[in-house]
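Welcome to this short tour! Please open your viewer and get ready to select a few things along the way.

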Amino acid sequence: MIEVKNLTKRYGTNLALDNVSFSVEEGKILGFLGPNGAGKSTAMNIITGYLSSTEGTVTVGGYDILENPNEAKKLIGYLPEIPPLYMDMTVKEYLNFMYDLKKVTLPREQHIQEICRLVKIHNVYKRLIGNLSKGYKQRVGIAQALLGNPPVLILDEPTVGLDPKQIIEIRKLIKDLGRNHTVILSSHILPEVQAVCERIIIINNGKLVADGATDRLAHDLSAEHRLIIRVDGPENEVLHALTALDHVKEVLSHGEKEKGVYEFSVEAELDYDIRRDLFALFARKGWPLLAMRNTDLTLEDVFLQLTSGADHAKISSKMKKGAEKE
Amino acid sequence: MKAILRRELKSYFSSPIGYVCIAVLLALFGLLYLNVMYSGSSSYIYMVYSSMFTFCMMVIPILTMKSMSDEQRNKTDQALLTAPISVTSIVLGKFFAAFIVYAIAMTGSLLPCVAISLFGSPSWGEVFGYYLGSLFYGAAMIAIGVFISSLTVSQVIAAIATFAVSIFILMMGQISSLASGTFIAQVVDWLAFDSRYSYFTQGIFNISSAVFFLSVVAIFVFLTARRLESKRWS
């Protein structure tokens, strides 16, 4: 549905996007992650035809955004980072204006009312947009993106300014929309992306640094397999016993967490499952094992690692391995 | 274009700007017409329009100052430029909205003249000449104002710059007289708005003048559209 090829954007000498390529199939929700200034909004602005790329092409539904802008734009509903609202209009006037602007052909009253119910703004329908709270403004912004029921939705940080309850509602709405729409969603709130998106693209400094299914992305990168365990036993002896185990790379004590109970983190060799050995050890020694948990990297860790740049090379090689496995 | 035109017109009248501009112009027209009535001769009506001309040129920057600059500042241009419409139709919508407000004021100015005609016989040819001339001249200035407004995100800068340009255009006739007889003077004279306008003031509908002003409108609408396009490439 959306094809982005070798997208490059320069602002003067500043490279905002560097050779970014990806595609989104119909009916998929794609998460766009990256720190501030990574190029998320620039990419979205180019896809929607607001900005032009320096190099590269964007096609939406088979239409090139530069060659057939009007056909392509008709397929897109766009919520920019700052919702494009006219403060001197009421919600009603604004939605009717956007309805005309987008040349929507669905039955006007019915369609607008339906969208208002969907994003829950019918109670402010006759109020001036300038007087609405940030959350309502954001929802009016989402409403205008939905006008005309476009098959592609591009949402730049759609839940900014909403309260937790609204955030959950909007996420659910986006998920529902994702069933019959193609959605690109940018965010720097990781749980949000994790909750809503099937696939994630991470960009940093204008470069695409990761592209993969949401669950795999976290899994593939957490190859360290560090275990956190709690043991009812003498600290030093346990530490020695753990260090003496085969395949153990590193053991750290986190100190006494409950009375007589110590916490340790154990890092095993790559691709070795140490859990059975641990159980056997403690059973032999008679030290009750009270807790054991895996520290899979969260998406936060993945994100930080990818965008901090230090482990960049290491992780991209892992990513590639992961991709090959798929 | 219609959607934008409607929105712009609404915004002129949902804020005081539209009313104030029209009210100020009509009040000044009224005052000057009052003088004509005191003088007791409808032949002085030309004085009304020749003094009002400057005031009209002062009001136009106020009308056009926010047309594009505000959109860019509030990022609402993102909605316009990502909608399936051409850039030219956006600019035309803006242009016609400002022009309609201006035309309302100018048309209102004919009312005192109607009142005078009940008691005397004003020269309607002359009055309509001034009226049409002001509309054409105003249209050209509005197109220039919209263009200037697209160059900046600040309404104030847009207004001041448009005002400066309109003063410069008013003085073009004098500039050409400084270098009279030279090629430059010929060019400036040809470009000068007031020599084109003066045909109308004599009650003559000069087609070439009308075409001249319409061409200025077309050129600046085109330039504004290109300006919006070029922003995408920056």
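A polar contact is a pair of N or O atoms within 3.5 Å; inside protein, one of the two must be able to donate a hydrogen and the other to accept it. Keep that in mind as you look at this predicted model.

**Stop 1: where the chains meet.** Show chain A and chain B together. Between them there are 10 residue pairs in polar contact, counting pairs with both residues at pLDDT 80 or more. Now colour the elements of chain A that give two or more residues to the side touching chain B: β1 (2–11), α2 (69–74) and α3 (91–101). Of these, α3(A) contributes the most, with five residues. Sorted by kind, the residues on that side of chain A are 14 nonpolar, six polar and nine charged.

**Stop 2: the area that is buried.** The two chains bury about 2500 Å² between them, and 58% of that is on carbon and sulfur atoms.

**Stop 3: a salt bridge.** How many salt bridges are there between chain A and chain B? The count is two. For one of them, pick B:Arg7 and A:Asp88, where the closest N and O atoms are 3.6 Å apart.

**Stop 4: the cores.** The largest nonpolar core has 87 residues, and A:Phe22, A:Leu95, A:Ile121 and A:Ile184 have the most contacts inside it. Here α3(A) gives the most again, with seven residues. Zoom in on A:Phe22, whose contacts include A:Val4, A:Leu30, A:Phe32 and A:Ile184. Finally, select B:Ile144, B:Ile169, B:Ala192 and B:Leu228, which are among the 67 residues of another core, apart from the largest one.

Methods. Residues are numbered from 1 along each chain as its sequence is written. Chains are lettered from A and ligands numbered from 1 in the order in which they are written. This is a predicted model: local features need pLDDT of at least 70, side-chain atom pairs count only at pLDDT 80 or more; totals for chains, interfaces and linings use all residues. Side-chain values use heavy atoms; hydrogens and water are left out. Buried area is the accessible area (1.4 Å probe) that two parts lose on being put together, summed over both. A salt bridge is a side-chain nitrogen of Lys or Arg within 4 Å of a carboxyl oxygen of Asp or Glu. A polar contact is a pair of N or O atoms within 3.5 Å; within protein, one must be able to donate a hydrogen and the other to accept it, and residues adjacent in sequence count only if both atoms are side-chain atoms. Helices (H or I, at least four residues) and strands (E, at least two) are DSSP runs, numbered from the N terminus. Ala, Val, Leu, Ile, Met, Phe, Trp, Tyr, Cys and Pro count as nonpolar, Asp, Glu, Lys and Arg as charged, and the others, Gly among them, as polar. A nonpolar core is a set of buried Ala, Val, Leu, Ile, Met, Phe, Trp, Tyr and Cys residues joined through side-chain atoms within 4.5 Å. Buried means under 20% relative accessible area, exposed over 50%, partly exposed in between (1.4 Å probe, protein chains only). Contact means heavy atoms within 4.5 Å. Lists of a residue's contacts leave out its neighbours within four places in sequence.
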